[in-house]
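Colleague: Hi! Could you walk me through this one?

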Amino acid sequence: MTDSRQSRARAEISFVVNGQARTVHAYPMERLIDVLRQQLELTGTKEGCGEGECGSCSVLIDGVLVNSCLVPVLQVQGSSVVTIEGLAAGEKLHVLQQAFLECGGAQCGICTPGMILAACHLLEGRLEPTTEEIREGLSGNLCRCTGYRQILEAVAEAARRRTAA
Amino acid sequence: MNSEHIVGKSVPRKEGRDKVTGRSQYVDDMVLPNMLFGATVRSQIPRGRIRTIRFGPGIDWDEFVIVSAKDIPGKNCIALIGDDQPCLANEFVNHPEEPILLMAHPDRHLLPKAVGAVSIDYEPLPAIFTIEESERRDGIVWGEDNIFKTYLIEKGDVDGIWEKAHHIVEGEYSTGAQEQLYIENNGMIATFDAAEGITVWGSLQCPYYIHKALMALCDLPAEKVRVVQMETGGAFGGKEEYPSMIAAHAALLAIKSGRPVKIIYDRMEDMAATTKRHPSRTRHRTAVSRDGKILGGEIDFTIDGGAYATLSSVVLSRGAIHAGGPYYWPSVRIRAKAVATNAPPHGAFRGFGAPQSLFAMERHMDRVAREVGLSPLEIRRRNFLKPGQTTTTEQVVREPINLEKLLDRALEVSDYHSKKQRFEKENRCGGKKKGMGVAAFLHGAGFTGSGERYLSSVVGVEGCADGSVRVLVSSTEFGQGTKTVLSQIAAEALGLAYENVSIAQPDTLEVPNSGPTVASRTVMVVGKLVQSAALGIRQTLISSNLLRETYTAGEFRAACQNYVAAYGQFRSWSRYEAPADIFWDDQKYRGEAYAAFAWAVYIAEVTVDLTTYSVSVNDFVALQEVGKVLHPLLARGQIIGGVAQAIGLSLYEKVVWQNGRMQNCQMTNYIMPTSRDLPPIRVFFEELGNVYGAYGAKGIGELPMDGPAPAILNAVEDALGVPFDFVPLLPEDIMDGITASSQASFVGAAGGVR
Amino acid sequence: MRSNPSEYEMAAPGSLHATVSLLAREPGVWIPIAGGTDLMVQYAAGKLPSRKLVSIWNLPELRRVEVAAREIRIGAGCTYTDLRANQVVGGEFPLLHIAARWTGSVANQNRGTIGGNIVNASPAADSLPALLVYDAELILVSVRGERRLPYASFHTGYKKTLLAADELVRAVCLPRRFAGHFSHARKVGARNAQAISKVCIAALGRLADGVVDDVCIALGSVAPVPLRLTETERTVRGKVIDSDLLLLAKKAAATEIRPIDDIRSTARYRSAVAGNLVAEFLNRLNSERIGTERGGAKEVLAKWNCLPLEKAMESILPCCGSQAWVRGMVARRPLSNESALLAASNETWHNLTPADWMEAFRSHPRIGESRPDDSLSTQSRTVQSVEWSAQEQRTVADSEAAVKIALAEANREYERRFNRIFIVCATGKSAPEILDILQQRLRNDTETELQETAEQQRQITEIRLRKWLQG
């Protein structure tokens with residue numbers, strides 16, 4: 001781009017969010033988390049630290065877990081994004097959401113969307129993860145309330161149910 | 001009546017579904033039309049006089065709403081206990097990050113640069129940063145003598161026991177600041193309307209604290225201030241008093257601009273500017289008999305309150321009262337003081353003074369054991385409080401607590417003895433040393449002494465048109481299960497299904513003041529009021545002949561529907577009444593400090609790696625007597641979460657200070673445990689009941705914070721034979737301690753080829 | 001978020017050629033950004049040095065691994081997840097594989113790239129010591145073409161590199177000559193995940209005829225750049241590893257490193273731990289040689305460590321009847337000694353769910369009987385476990401009739417109350433003692449009793465593991 005004023009304008013960025021094609025007009029360096037929360041009004045993704053440490057902003061881009069506070073929205077062009085709002089099928093909860101409810105995996109709830117997506121990503125790659133694998137898979141998601149135990153139990157339970165189903 | 005009990009079952013979390021689907025509304029999720037974003041200009045120095053404020057070039061200042069102390073309609077203070085903390089600094093600043101100006105703009109992205117463009121010229125004044133500097137009074141930074149508050153607790157004849165003592169054991173123990181690190185930062189939204197007054201929505205624990213503060217700040221009557229709690233992403237005390245400050249700021253900007261204003265802190269600002277756990281220093285001097293019994297002693301307990309008084313006097317009180325631990329002191333003198341330094345004010349954090357003084361007590365007991373020549377277990381057995389004996393404040397232990405048996409059970413489930421045997425053998429060679437540590441403690445639930453009477457909490461229960469009931473409390477949910485357990489209690493009291501009870505969002509327009517959500521009082525104290533208010537609803541229906549004395553859940557719903565149809569929505573209120581047999585003397589600081597104590601024994605197993613000097617906790621047993629467990633899953637979750645937070649305090653969470661400012665104010669450098677850092681935390685309960693608590697419950701939210709730090713440090717000493725008496729204890733400290741220690745038999749990691 | 005997005009531009013030319021052309025037109029102006037895990041943190045803090053960025057995320061020319069006979073070429077745009085998934089990296093360059101696991105979190109590994117880490121040039125970066133010991137070479141690219149240089153020369157000072165203003169790192173080349181080396185890596189951070197290292201070591205070694213034939217040691221976080229300990233290597237090469245050599249090596253390391261005090265740690269600590277890490281590496285290198293010579297419990301374990309999955313599971317099942325426990329233990333192989341075995345068992349056990357615990361419980365016979373209830377799962381009951389149960393309950397079998405009857409009664413009451421048989425670690429306990437315990441535990445609530453039973457099972461498992469180690 002040669003016209004610097006033009007290249008500092010908003011860009012048209014098209015990507016799929018929770019199965020729906022969306023187009024946003026955003027500055028290329030707007031963070032994906034801000035575009036999701038503000039323009040697309042998907043406030044389920046949370047900001048806890050803004051530095052990629054807490055994992056509360058975790059989403060899936062093309063099936064891969066990332067911290068959306070570290071992703072410039074321009075780089076999402078043509079991709080498929082899944083947020084917490086995309087997990088449940090209408091009123092039917094995802095097996096992880098159900099397990100979190102039954103195993104006490106959510107207390108204050110602020111880390112929960114990111115945690116569930118991280119667990120989702122883990123379970124996509126591993127049929128029956130060991131406790132160690134679950135701990136490693138979630139080690140990028142900080143929780144201050146639960147001490148993690150009931151979260152690990154929820155993920156193990158979800159894995160079991162999914163295998164049984 | 002529903003014959004199946006609801007209390008005691010792990011019913012689904014009331015707001016759980018919204019939390020797992022991302023539908024819960026936290027303050028930053030809310031957007032109001034025409035809304036502005038607010039930001040704060042803060043002091044860059046620890047203490048000084050403001051000379052000039054310049055608004056620099058490159059910013060279109062006309063677009064910004066600017067607020068200073070001069071814009072405050074009422075009193076420039078955050079009303080709490082004393083009124084010494086300004087809402088905005090006027091002429092003087094007393095700590096780094098102290099708020100001076102506020103600004104607002106429709107585009108939140110313009111704010112950081114604008115804040116940076118305000119240059120403030122100060123005349124610096126000498127500042128102090130440690131308890132010792134404050135005590136020395138080289139500089140006076142608060143009041144006449146830097147002392148916010150003192151307490152003196154005296155029992156028996158302390159001066160007379162020294163000559164009878166066979167051992168006199170002294171020790172000094174300290175704890176550092178700790179950041180609450182709720183994953184959701186502080187945030188508020190405020191609107192102002194000349195007719196309606198101020199409304200704020202935010203992340204908070206105590207709506208009525210904010211209500212009181214805004215009334216004084218804005219010079220408004222009670223009915224013109226409204227506070228609404230939104231879903232709150234963690235609090236731990238960090239949102240007990242601080243939110244009044246950010247609410248005040250949002251309110252002032254809303255008043256000046258006439259538009260809604262949202263202020264959300266980012267992580268760096270939240271960590272640097274808001275409250276932390278009070279650093280502490282405790283000195284023990286104890287007279288012990290030949291056979292290891294405490295004859296008496298002196299305890300000197302000092303906490304660093306930061307620049308303003310805020311809640312330091314209450315933290316001090318709780319710390320002082322718990323300073324003697326679960327032991328029988330025939331005589332004791334506890335001198336407690338809270339002192340001022342030029343750091344941002346320290347504040348409420350789970351445990352609230354007790355983790356600090358109990359850390360000292362439990363480390364000290366191991367020292368006493370060593371000097372007397374008894375094991376850490378035996379020294380405790382010989383000194384445990386027994387029913388009929390009195391605490392340090394002369395409160396008689398009236399319940400049949402058997403601390404020895406509690407200890408026995410903890411030892412059994414932790415496999416303490418066989419591990420100790422095994423470690424003794426294994427520690428002789430190898431680069432890893434293992435140890436076991438015990439901590440025994442008590443935790444008083446509810447407000448101290450006359451606190452609950454002073455609060456005079458009120459609870460309401462409402463009968464609704466659809467036959468359900470709704471609980472009305474100002475007690476907030478922030479993960480600990482308030483909504484769930486209070487609904488359980490109401491359902492149980494009325495024989496209704498759990499699903500037929502709802503609980504109102506805490507909104508000062510809708511709910512009475514049931515007191516702050518602190519001090520582990522919600523289930524025990526507020527729960528009991530919910531129980532009686534619920535029974536009031538039942539009584540109304542029975543008195544109106546719409547319901548018989550015994551009824552089914554269906555009959556209740558019908559009766560309620562009929563009542564509302566005939567007379568409209570109805571409410572039953574219940575106000576706290578202090579039990580007739582609880583006496584506390586505020587002058588002598590003596591008597592029944594708390595309606596109920598919970599009791600606990602925690603045991604830690606640690607490994608110290610001599611290659612890296614790091615400590616890992618391999619197993620942790622948390623055994624506590626809690627009256628009654630009303631919701632097993634929630635209770636277990638609270639204990640595990642609290643222990644995890646306390647492990648953070650013990651081994652990871654160091655606040656790095658420089659001239660009163662927190663340097664490591666990012667999550668990269670302030671280290672809290674991840675899922676890979678924590679051991680299995682095994683939780684066990686005992687239940688002795690509690691006549692003063694709903695369905696026999698005592699408070700449990702804070703007690704898990706008391707035990708882990710001393711248990712872990714006792715275990716480290718067991719492993720290494722080197723004592724450490726401060727937390728957080730980092731590998732760097734262990735390395736220094738080992739190097740300094742004169743134990744010549746100590747073999748380092750690479751002392752030989754294996 | 002302290003930057004204003006409207007003030008920033010991002011170009012996304014989409015090809016390597018177009019990218020280097022842009023860099024050549026305005027050198028030093030456009031910051032290449034791949035996954036952004038470093039740059040976006042700076043951006044959020046308001047600290048990016050330029051307002052213009054060029055996205056090189058997912059450029060096909062950069063995000064591939066080429067395997068040739070003598071070397072592999074890892075594209076600079078490969079993420080840490082790409083590295084973890086690559087077989088050649090995992091098989092021949094384990095130090096890089098391990099470092100990839102250490103880096104940040106899974107989410108950050110999915111975006112962070114090896115090229116980004118190299119260019120960011122933090123001396124604390126996890127993979128850089130591994131690149132040093134593997135004698136990596138970098139391929140740099142610009143409009144002027146490609147050039148290749150030894151990675152060892154790339155860092156010239158704290159966050160200063162030889163990268164020209166219009167250049168990109170294109171690939172990292174690793175020679176394929178380390179397959180026979182013993183490798184060792186360790187990171188010392190403030191916690192077990194998501195930690196910037198205080199010190200870290202990557203090392204390779206090979207012994208021949210009892211002496212150190214080849215050794216490569218590199219450390220992170222002990223100097224302004226990632227550091228290869230060439231002096232220490234020289235001190236150690238050609239020598240026998242004994243306690244004297246360890247001291248010499250530590251001394252040499254101490255002279256080479258230049259650690260500092262910073263917000264994370266102290267120079268003193270880094271110095272001491274660096275020395276310990278070097279010594280630990282040399283010890284382990286030495287043990288490799290000795291390890292195969294020992295027998296006994298170590299032999300049992302060594303054999304078990306190498307068994308195929310099914311056989312390993314079958315072998316350890318008698319110790320504890322929970323399939324999840326068995327799977328967890330097998331997943332933790334290799335386990336080096338009894339201590340590690342027992343620690344693994346305890347941790348695995350504590351992390352199981354109540355359902356798994358129940359499965360273990362069901363594998364026991366009722367105390368006082370010799371056979372487990374046939375109506376329950378037979379999967380977790382083996383000939384060996386039946387035999388061990390019999391040994392454990394010997395005192396009960398030999399006790400007086402009256403006590404036996406009382407036990408049977410109490411057992412039945414227990415089963416009515418808790419819906420499973422009563423379990424206690426019976427070894428060393430007399431029948432009357434067991435009866436007493438049973439009666440006490442009858443008074444527990446369900447949750448407490450579950451925890452008690454789990455603890456008893458854990459003790460039983462430990463005893464059985466020790467027997468198992470005796471072969």
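Colleague: In what order do the five strands of the open sheet in chain C come?

Modeller: The order is E4-E5-E10-E6-E7, with antiparallel pairing. Strands (E, at least two residues) and helices (H or I, at least four) are DSSP runs numbered from the N terminus, and two strands pair if DSSP finds at least two bridges between them. This is a predicted model: local features need pLDDT of at least 70, side-chain atom pairs count only at pLDDT 80 or more, and totals for chains, interfaces and linings use all residues. Residues are numbered from 1 along each chain as its sequence is written, while chains are lettered from A and ligands numbered from 1 in the order written.

Colleague: Which strands stand at the edges?

Modeller: E4 (65-67) and E7 (145-150) of chain C; each has a single partner strand, so one side of each lacks a neighbour in the sheet.

Colleague: And how many bridges join E6 to E10 in chain C?

Modeller: Five, between residues 137-142 and 168-175. One of the pairs is C:Glu137 with C:Cys173 in E10(C).

Colleague: Switching topic, how many residues of chain A are in contact with chain B?

Modeller: 39, meeting 41 of chain B; contact means C-beta atoms, placed from the backbone, within 7 Å. Helices H3 (95-103), H4 (112-125), H5 (131-137) and H6 (149-164) of chain A each supply at least two residues of that side of chain A.

Colleague: Which residues of H3(A) meet H4(A)?

Modeller: A:Leu96, A:Gln97 and A:Phe100, which meet A:Thr112, A:Ile116, A:Ala119 and A:Cys120.

Note on methods
Contact = placed C-beta atoms within 7 Å.
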